[in-house]
Amino acid sequence: MTFASLPKILARSITNEEIADYEENGATVLRNVVPLEWIKVMREAIDRILDDPGAASVEYTPEGNNGRYLGDFFAWMRDHDFEAFVKQSPMPELAATVMKSNSVNFFYDQLLVKEPNTIEPTPWHQDLPYWPVRGDDILSIWVPFDSATVETGVVVYIKGSHKWGKMYAPAAFGANTGYADIYAKAGFEPLPDIEAERDKHEILSWEMEPGDVIIHHPLTLHYAAGNASPTGRRRGLALRYLGDDATFDDRPGTFLENQKVMSILSNFDMKDGDRFDGQYFPKVWPRK
Ligand SMILES: O=C(O)CCC(=O)C(=O)O
């Protein structure tokens, strides 16, 4: 694939109101921002990854259950189109604009695909407790490659939860991942049963079409149901970008203790307080 012909700028500019909404609520939807040329390229790239998942991938759907919930990580290191999307598409500029950061590095990509008839939810969680990062300039961009509806499992957020001043213990995404013991080391307080007390919270939820994205803060609590549609796929890709104040946090219980992740980051040698950079966390903004 040649990327020279693909758009480098967003389909439209992000407004100050949208940025203020993100800062206030911890998540917001941005409609019609990703040029559809990129969606077409990435649909094929995602299907390649689904046929041949990477070393850190996890099949969250247990064998014998219907559907498929696949998580994969760092696909940009194996697939040219993923690499172009995270570095050369308009996504780095979007991240820099929302975080108001002069300089942005790419953290990682996380593919979250729920095929039709998948019952496994994405549990309520915040992202930061899983990550060896401290800072506030950290942005996730959740990009759908199919219509994301209530039936296929939109991601939903607790409004303003990024301002609660809490870091909750990370939840294991699937019963079969075996990572619960790693996360237990983090020593954070357990997350309340949000599903049971959902009506106590204001939930943000948007149905989306390809071209739309959700941006969310790493401390915002979020969840997604399974995909109850008999036919509609739900291919989502979360891109994580690090801005001006984000640095390496060498605390226990993060994904750096996951052997599968470390098989990808085998030369990782950062020290507490370092800025993320180099071969694994490339600078993507300003563009070279
Ligand atoms: O796509 C999903 O089901 C969950 C997304 C998520 O947890 C994330 O983007 O951090």
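A polar contact here is a pair of N or O atoms within 3.5 Å. Keep that cut-off in mind as we look at this predicted model, starting with its ligand.

**The ligand and its contacts**

Of the 14 residues around the ligand, T122, H125, W142, H222 and R234 come nearest.

| Residue | Distance to a ligand oxygen atom |
|---|---|
| T122 | 2.6 Å |
| H125 | 3.1 Å |
| R234 | 2.9 Å |

How much of the ligand does the protein bury? On its own the ligand exposes 300 Å², and the protein buries 100% of that. The space that the ligand takes is the largest cavity.

**The shell around the ligand**

Strand 4 (104-114), strand 5 (122-125), strand 11 (222-224) and strand 12 (234-242) are the elements that give two or more residues to this shell. Strand 12 gives the most, with three residues. By type, the shell residues divide into six nonpolar, four polar and four charged.

**The largest pocket**

Now for the largest pocket, which holds about 170 Å³ of space. Its lining is made of K87, Q88, P282, K283, V284, P286, R287 and K288. Helix 3 (80-88) and strand 14 (283-285) each supply at least two residues of this lining. Which kinds of residue line the largest pocket? The lining divides into three nonpolar residues, one polar and four charged.

Technical notes. Residues are numbered from 1 along each chain as its sequence is written. This is a predicted model: local features need pLDDT of at least 70, side-chain atom pairs count only at pLDDT 80 or more; totals for chains, interfaces and linings use all residues. Side-chain values use heavy atoms; hydrogens and water are left out. On a 1 Å grid over the protein atoms alone, a cavity is a set of points where a 1.4 Å probe fits but cannot get out, and a pocket is an open set with protein on both sides within 12 Å along at least five of seven lines; lining residues have an atom within 4 Å of a point. Grid points are joined across faces, edges and corners, and a volume is the space filled by probe spheres set on the points. Helices (H or I, at least four residues) and strands (E, at least two) are DSSP runs, numbered from the N terminus. Ala, Val, Leu, Ile, Met, Phe, Trp, Tyr, Cys and Pro count as nonpolar, Asp, Glu, Lys and Arg as charged, and the others, Gly among them, as polar. A residue is near a molecule or strand if one of its heavy atoms lies within 4 Å of it. A polar contact is a pair of N or O atoms within 3.5 Å; within protein, one must be able to donate a hydrogen and the other to accept it, and residues adjacent in sequence count only if both atoms are side-chain atoms. Accessible areas come from the Shrake-Rupley method with a 1.4 Å probe; for residues, only the protein chains shown count as cover. A molecule sits in a cavity or pocket if more than half of its atoms lie within 2 Å of its grid points.
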